[in-house]
Amino acid sequence: MKFTDGHWLLREGVEAAYPVEVLDVETTPGALRVHAPTYPVRHRLDLQKGPVLTLDVSAPRPDVVGIRLTHFAGGAAARPRFELFPDGRADAVVSADDDTAVLTSGELSVRISRAEPWRVEFVAGDRTLTTSGARDMAVVTDSGRHYLRERLNLGVGDAVYGLGERFGPLVKNGQVVDIWNADGGTTSEQAYKNVPFFLTNAGYGVFVDHPGLVSFEVGSEDVSRVQFSIEGQSMRYFVIYGPTPKEILAKYTALTGRPALPPAWSFGLWLSTSFNTAYDEQTVSSFIDGMAERDLPLSVFHFDCFWMREISWCDFEWDPGTFPDPRGMLARLRDRGLRVCVWINPYIAQRSRLFEEGKANGYLLRRPNGDVWQWDLWQPGLAIVDFTNPEAREWYASKLDALLDMGVDCFKSDFGERIPTDVAYFDGSDPELMHNYYTFLYNRTVFELLRKRRGEGDAVVFARSATAGSQQFPVHWGGDNLSTFESMAESLRGGLSLAMSGFGFWSHDIGGFEGTPKAELFKRWIPFGLLSSHSRLHGNFSYRVPWLFDEESVDVLRRFTRLKATLMPYLYRVATVAHHDGVPMMRAMVVEFPGDPACTHLDRQYLLGDDLLVAPVFTADGTVEYYVPDGEWTHVLTGARVSGPRWVRERHGFDSVPLLARPGAVIPFGAVDDRPDYDYLDDVTLHAYQLADGEVTTRIPALTGEVAATFTTTRDGSVVRVRVDNPPAAWRLLLVGVDAVASADGAVSRHEHGVLIEARGGELTVQIGQEG
């Protein structure tokens, strides 16, 4: 929201007051309170008017500082509020003298100058990260509405990322971003997943602790500042020191919640009926039979909306005319080794058998006059479940529980963005604050049921809407994209932006949702889809089984589905990092290479975990350009080497994609390629790429997420040693790019990418003879 008319003036109808000095400072253990008049105080008579801003400074966790700006403090505490996870060990140090008031949390300090001009500095070590100076912090009225505003300085070269799943440029500088969930597809400034958090390449991130509308001007209204404002009398924000993007994300997710670990089976291929297609059990069986006949591994089958009767969504009852024996059908699917997902949303159509039940018991959102809130958009007479009512949550969960009893494994928790504000909530929540927060309650209700029924580590949803903290309930997918190369690219931008907002797991509709992709687009999208954390074939009015495009699509899908399965020892370890540390699986290049200025704006490639660079091909003819950071990188699919730092231009067939291993990486490949959930340690092969002298640790996860074994690979000149603390019966080492070995205490054979050594026991020593 813009308040100014250029640098000097305010817009018509806008009045603003800015703190100009510190009147006094109150210190308590771990906290500061500053009273800041918005006018010079030269005489006690000056203090007979306002406004005076109150700043409360605190530290919920090490390296995190919170600032609360308050004008009028007399308002009732509004609900909802974000659930935060403070750390009692923050141990903030507070001091104040005649010049400065300081609170220090870990390596981060906030310094409030007691001399004019007004200045708040955020400092780490001897470096100022950002500042709020004169005329930055403000109390603003605009046509009678009251706002609080803050602006933080952007230094030369400072780039801003995050703010949710946004489909425009990855770097947000120059953009206006309103944190307000909307069902707008992937082609506009609207977003399904709005998160009032951004991080920078300058060593810090900022989280605005306000679940309602937050308006960001990112180097837009004032080109050297990030501005954020809310309507209200009090606003709190947190500055989070990294200094690296990974550390910022780790500390932000520690504050707002770390993602649960999805089950290993969820990393396999999901196949959907698609959205508005006509299907029945015979159709479903034909798809599954077709996948099996073509040797295409499938992990999850998803039933989209028409598993229920038309204009009855949601009643959570199988359409008897289409699925006369749902329990038997689900058993038959389970016998084929498949998990089953069904589509749900939080809306209750008037025709649904649940409408009268929900209305009678007060489970549906009501207008202030007591009427059930309804409209005809999406479903005739649609009403919305009131998740602030504990009984409504139990009621809704009970309907899903019955589906779990029937044999369903998980839910696609769609929608949750178009939440009205002309309503009265059961618990008295503020409707404006609830608009974005509604999705948190909705998806938590679904996820907690799954966790309760299936146990920790076996719960997963496929959710579209989100807000801060929703990363705790994975997985999220990118919404309604189009069947175009442009939309494929915007999907990637959205996923990387969401990852830089604290979300560890993300998926998208392979081939695009709207429209029917041409075969060349579908085949280019497949590697991108399978080299994302989660992978789903889904469309709107057309099916996404590959043989409907061409036979080569079948081959491409087989190749990359099986590749992902063999990468699961690596991918599931990366997933545990997202779970434990909050660092996402899919990472913008700047997350891994913050010191490389060439990575600042890159949004057509990414790191999958620490060690795999992926550059999707966005052209039909296979031409692709991507950037390789410093070092000798290796094409995983061919063994060819690429030296960086430099830009690379290549041309790839449909069965290929730039997938490069980082120099010095030791990546475990599994022995199973037809399912994602297996014993990753059994017969594992370590692929070692361009080892330098030193030590590399490779942890192999169990399906529980715990470490099954740790391999330690050490190179000293021409000698490579590998030790494992829990050795499997058999394992291998592939020295990629090595032509020969002089000696090895294991059987040696040539491999198309190097030399393969069979190992037994807990230690292997290899003398390299020649490197290619």
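A polar contact is taken here as a pair of N or O atoms within 3.5 Å; within protein, one must be able to donate a hydrogen and the other to accept it, and residues adjacent in sequence count only if both atoms are side-chain atoms. The structure is a predicted model, in which local features need pLDDT of at least 70 and side-chain atom pairs count only at pLDDT 80 or more, while totals for chains, interfaces and linings use all residues. Residues are numbered from 1 along each chain as its sequence is written, and side-chain values use heavy atoms, with hydrogens and water left out.

The domain assignment, which comes from an automatic or database source, gives domain 1 (587-658) and domain 2 (679-768). Their C-alpha centres lie 25 Å apart. Across the boundary, seven residues of domain 1 are in contact (heavy atoms within 4.5 Å) with five residues of domain 2. Two residue pairs between these domains are in polar contact, both at pLDDT 80 or more.

Buried area is the accessible area (1.4 Å probe) that two parts lose on being put together, summed over both. For domain 1 and domain 2 this area is about 510 Å², with 51% given by carbon and sulfur atoms. Thr634, Val636 and Arg641 lose the most area on the domain 1 side, together 65% of what that side buries.

Turning to an individual residue, what does Phe711 contact, leaving aside its neighbours within four places in sequence? Its partners include Leu681, Val684, Leu686, Val722, Arg723, Pro728 and Trp731.
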